[in-house]
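Here is my note on the model, point by point. Please read it with the structure open.

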Amino acid sequence: MSAPIVAVIGGGQLARMMQEEASALGIRLRALVEAPDGSTAQVTADSPVGAADDAAAVRALATGAGALTFEHEHQDDALLRELAAEGVGVRPCPDALLLARDKIAMRRAMDAAGLPQPAWAEATGDAAAIRAAVRAFAAEHGWPVVLKTPRGGYDGHGVLLVRQDRELEAGRAGQWIDAVASGGATGAGGSLGGGAVTSLLIEQAIPFTRELAALQARSPSGQIASWPVVETIQADGMCSEVLAPAPGLDPAAADEAARIGREIAERFDVTGVLAVELFAVEAFGEPTRLFVNELAMRPHNSGHWTQDGSVTSQFAQHLRAVLDLPLGSPAPTADACVMVNLIGGIREPDDGALARAMAADPEARIHLYGKSWRPGRKLGHVNLTGPAGSEEDLRERARAVVAILRGDA
């Protein structure tokens, strides 16, 4: 059999983990990487260096590929549309990918689909106009409110909780508003995310009891496979832990979360993995309420557990889906699976940390990304599986392994 080629833009850990599954499936992965020694380039033979907005590099990448896909949403929309018009299999398609890249476009689309989400508004203009828009929104929906940059934010960047009116004049909220009003400030330093920022998204702050993620994959021919709905735990705006399936979740809420994911995938012609991040509001004796938070159209941190807790991992499924191959089973292989992220700590771990972590818990599945240490950087994750009801024990064990890998133990 000739090996199909999947071209992926991006050279971080997601493409690296796609490569692991591509090798097993006999698929040739060709990745456009940011640096020759980056996470993906270390394990992928065909890894030209280039930027996502370099038309020549992207065209060369896509030549002969059965599909062009992505490990991040920060793409050149005009270029992708040109390629799609020329017959390149851009998956997900540019119209769908826009909903993951532009939060205002996503909010409009969710409204059009009648799907539940926080109240929202867009603020543009000079600083006075933006502050007036935020105050008017808060007068209707109450404080606190959430400010977001429509594009470029990730892992907590580009998201700011504003608790009261006076914060609009000073502090980070005031700085954000002044920067946006000054004519499209870029997100230098990460506070505003990345890229030019010319407006702000205002959102109602939902008093959620926990966060959920519904993952599914869809092929161009319309086949859909959904994994169990999971609970995600955030730290400093970054996913730190995932519990699969979400413990104690009302079955009706789990079904509704999965339905929302399927509807988004079908209505907006999403191909590949789709992660729908949701807020859940749970109250005793009342139905659980769900609100769509954000979308990702690629393998996602909330799906890393599938590598060791599901028949088909999200990385293998994404490759199958974008090539329009039959999808694999998303069924869990254990009653419970826990993922804990390895985030760079305050000091670099010594050379013996990996061996000590392996010895500490031989059942732990350690996944490292080949990245150099830096405080706050995603360096890997640890998965553990077990019987129903063992989630807390699994979390403690996985945290202990991560602590050793971080150099904290």
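1. Surface. The chain exposes about 16600 Å², and carbon and sulfur atoms supply 51% of that area. Accessible areas come from the Shrake-Rupley method with a 1.4 Å probe, and for residues only the protein chains shown count as cover.

2. Basis. This is a predicted model: local features need pLDDT of at least 70, side-chain atom pairs count only at pLDDT 80 or more, and totals for chains, interfaces and linings use all residues. Residues are numbered from 1 along each chain as its sequence is written, and side-chain values use heavy atoms, with hydrogens and water left out.

3. Overall form. The chain has 12 helices and 18 strands. These are DSSP runs, numbered from the N terminus: helices are H or I with at least four residues, strands are E with at least two. The C-alpha trace spans about 60 × 50 × 45 Å along its principal axes. A compact globule of 409 residues would have a radius of gyration near 22 Å; the chain has 21 Å, which agrees. That radius is taken over C-alpha atoms, and the globule rule is 2.2 Å times the number of residues to the power 0.38.

4. Of the 409 residues, 54% count as buried. Buried means under 20% relative accessible area, exposed over 50%, and partly exposed in between (1.4 Å probe, protein chains only). Among contacts with a separation of 6 or more, 62% come from residues 24 or more positions apart. Contact means heavy atoms within 4.5 Å.

5. Cores. In soluble globular proteins, nonpolar side chains tend to be buried together. Here the largest nonpolar core has 45 residues. L68, M110, I264, L295 and M297 touch the most other members. A second, separate core of 19 residues includes A119, A138, V180 and V197. A core is a set of buried Ala, Val, Leu, Ile, Met, Phe, Trp, Tyr and Cys residues joined through side-chain atoms within 4.5 Å.

6. I264 in detail. Not counting residues up to four places away in sequence, I264 touches M110, L115, D269, V270, L274, V276 and L295.

7. Helix α10. Which part of the chain does α10 cover? Helix α10 takes in residues 314-322. Eight of its nine residues are buried, so the helix is largely enclosed by the rest of the structure. The buried residues are Q314, F315, A316, Q317, H318, L319, A321 and V322.

8. D324. Just after α10, D324 takes a positive phi of about 60 degrees. D324 lies in the loop between α10 and β16 (336-343). D324 is partly exposed, with a relative accessible area of 34%. Leaving aside neighbours within four places in sequence, D324 is in contact with R91, S219, P220 and S221.

9. D236. Please check this one too: phi of D236 is near 55 degrees, a positive value in a residue other than glycine. D236 is found in the loop between β12 (230-235) and β13. At 80% relative accessibility, D236 counts as exposed.

10. Cis peptides. A cis peptide bond joins R91 and P92, with omega about 5 degrees. P92 lies in the loop between α3 (77-85) and α4 (94-101). The bond from A244 to P245 is cis, with omega near -10 degrees. P245 is found in the loop between β13 (238-244) and α8 (251-267).

11. N293. Is N293 buried or exposed? N293 is buried, with a relative accessible area of 8%. N293 lies in strand β15 (residues 289-296). Beyond neighbours within four places in sequence, its contacts are M106, R107, K148, E211, E277, L278 and F279.
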